[in-house]
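Please have the sequence and structure open while reading.

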Amino acid sequence: MTAISYHDTFNDLQDLDWQSEGPFARLAWFELLEERGATPSIALAKDGEEAVALPLHQTADGMDTLSNWYAFTWSYLCTSGVDEASLLKQLARNLANRTSRVDFAKIAEEDGTVERLHHAFRAAGWLVLRSPCDSNHILRINSRKYADYLAGRPGKVRTTLKRKTKKLEVSLTKHFSADDWAAYEEIYANSWKPSEGDPELLRSFAEAESARGHFRFAIARHEGTPVAAQFWTVEDGVAYIHKLAHREDASALSPGTILTAALLEYVIDTDHVTLVDFGTGDDPYKAEWMEEVRTRWQLTCLRPANPRNWPTLGRAALRKLVSRPSAG
């Protein structure tokens with residue numbers, strides 16, 4: 001018999017054998033968010049040793065996914081061999097007793113997550129609005145060596161590597177170092193990028209990934225001065241590109257291009273990954289390295305009888321009417 005319960009801490013979930021699929025779909029990731037001040041509201045469906053948990057948090061409008069801007073995706077937690085469809089439907093039905101709105105963002109489609117959530121909430125009587133919310137650039141290696149992959153890159157990239165690689169000293173490590181991280185933070189502070197959302201969370205995440213053996217980190221130096229750094233992880237045949245930055249005053253050296261190439265060569269020829277994930281965002285430079293784009297989805301789940309949801313439903317109906325092709 002399935003038991004539905006709600007929790008305000010991930011400590012309550014530690015006795016279950018959760019699957020671990022990627023850096024942002026494991027219990028440790030959500031525990032880190034909680035440690036850094038997030039206030040979880042976790043919906044848990046448990047049937048014996050099988051379980052599904054929705055890591056959420058309360059908002060003024062209802063409930064939303066518990067996440068962070070460093071995360072590429074959001075996913076629910078589940079144990080091995082679980083009947084996800086059944087437990088998700090029971091959670092969706094029970095959530096109607098606690099809220100009239102649940103928002104999901106950055107949901108992947110390639111693993112079926114968006115379809116399972118969409119179906120579960122719709123089957124439980126929710127009206128579900130689905131829309132794209134972000135892009136995810138990826139590279140499938142398809143058994144290529146790095147040299148073969150590089151031969152297919154744009155001419156500008158290959159020319160830059162030939163002309164400028166020797167101007168920089170590149171070091172790559174698989175172990176977290178406080179000195180290396182301090183160099184990265186100084187580079188980031190002198191880059192074109194906005195202030196970090198939570199640099200202490202990112203550092204804690206990097207340290208944990210190093211302890212798991214997933215950490216890949218590279219620094220480019222010019223005449224001994226660090227001018228660029230990148231933080232990647234490798235897990236289950238996938239390389240994740242988390243952070244990259246270079247000093248703005250070193251742009252002429254193209255240190256970002258040099259480091260990306262060095263790390264790609266390592267993860268392809270040494271780690272033998274099958275996929276490289278460049279996270280979310282449609283930055284033009286990603287298309288120089290990646291070859292496919294996947295959609296990340298948003299699901300807005302509403303109880304149609306609640307008056308608070310009528311403005312959202314009205315706007316959605318109007319958008320559908322406006323986008324409908326005219327007859328004739």
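## Salt bridges

Which residue's side chain meets that of Arg26 in a salt bridge? The partner is Glu209, at 3.1 Å from N to O. The pair joins distant parts of the chain, 183 residues apart: Arg26 sits in the loop between strand E1 (3-7) and helix H1 (27-35), and Glu209 in helix H7. Helices (H or I, at least four residues) and strands (E, at least two) are DSSP runs, numbered from the N terminus. Arg26 counts as buried because its relative accessibility is 6%, and Glu209 is buried at 0%. Here buried means under 20% relative accessible area, exposed over 50%, and partly exposed in between (1.4 Å probe, protein chains only).

The model is predicted; local features need pLDDT of at least 70, side-chain atom pairs count only at pLDDT 80 or more, and totals for chains, interfaces and linings use all residues. Residues are numbered from 1 along each chain as its sequence is written, and side-chain values use heavy atoms, with hydrogens and water left out.

## Other charged pairs

Side chains of opposite charge can pair when their charged atoms come close. The structure holds 21 salt bridges, each defined as a side-chain nitrogen of Lys or Arg within 4 Å of a carboxyl oxygen of Asp or Glu. One of them joins Arg101 and Asp103, at 2.8 Å from N to O; Arg101 and Asp103 are both buried.

Another salt bridge is formed by Glu291 and Arg144, whose closest N and O atoms are 3.0 Å apart. Glu291 is partly exposed, at a relative accessible area of 40%, and Arg144 is partly exposed at 22%. Salt bridges with shared partners connect Arg26, Glu209, Arg212 and Glu235 in one network.

## Aromatic pairs

There are 21 aromatic pairs in the structure. Rings of Phe, Tyr and Trp (its six-membered ring) pair if their centres lie within 6.5 Å; planes under 30 degrees apart count as stacked, over 60 as edge-to-face and the rest as tilted. Phe121 and Trp126 make an edge-to-face pair, with 5.4 Å centre to centre and 65° between the planes. Phe121 and Trp126 are both buried.

The pair of Phe176 and Trp181 is tilted, because the planes stand at 40°, with the ring centres 5.6 Å apart. Phe176 and Trp181 are buried as well. Ring pairs also link a cluster whose members include Phe24, Trp29, Phe72, Phe176, Trp181 and Tyr240.

## Cysteines

How many disulfides are there? The count is zero, a disulfide being a pair of cysteine sulfur atoms within 2.5 Å. The sulfur of Cys78 has its closest cysteine sulfur in Cys301, and at 18 Å that is too far for a bond. Cys78 is buried, at 11% relative accessibility.

For Cys133 the closest cysteine sulfur is also in Cys301, 13 Å away and too far for a bond. Cys133 is partly exposed, at 31% relative accessibility.

The largest pocket has a volume of about 610 Å³. Its lining has 27 residues, and the closest to the centre are Glu21, Gly22, Ala25, Asp111 and Tyr240. A pocket is an open set of points on a 1 Å grid over the protein atoms alone, where a 1.4 Å probe fits, with protein on both sides within 12 Å along at least five of seven lines; lining residues have an atom within 4 Å of a point. Grid points are joined across faces, edges and corners, and a volume is the space filled by probe spheres set on the points. Elements that each supply at least two lining residues of the largest pocket include strand E5 (77-78), helix H3 (113-123) and strand E11 (238-246). By class, this lining has 12 nonpolar, five polar and 10 charged residues, where Ala, Val, Leu, Ile, Met, Phe, Trp, Tyr, Cys and Pro count as nonpolar, Asp, Glu, Lys and Arg as charged, and the others, Gly among them, as polar.

The second largest pocket has a volume of about 480 Å³. Of its 21 lining residues, Trp69, Lys193, His242, Lys243 and Thr280 lie nearest the centre. Helix H7 (199-211), E11 and E12 each give two or more residues to this lining, and E11 has the largest share, four residues. The classes here are 14 nonpolar, three polar and four charged.
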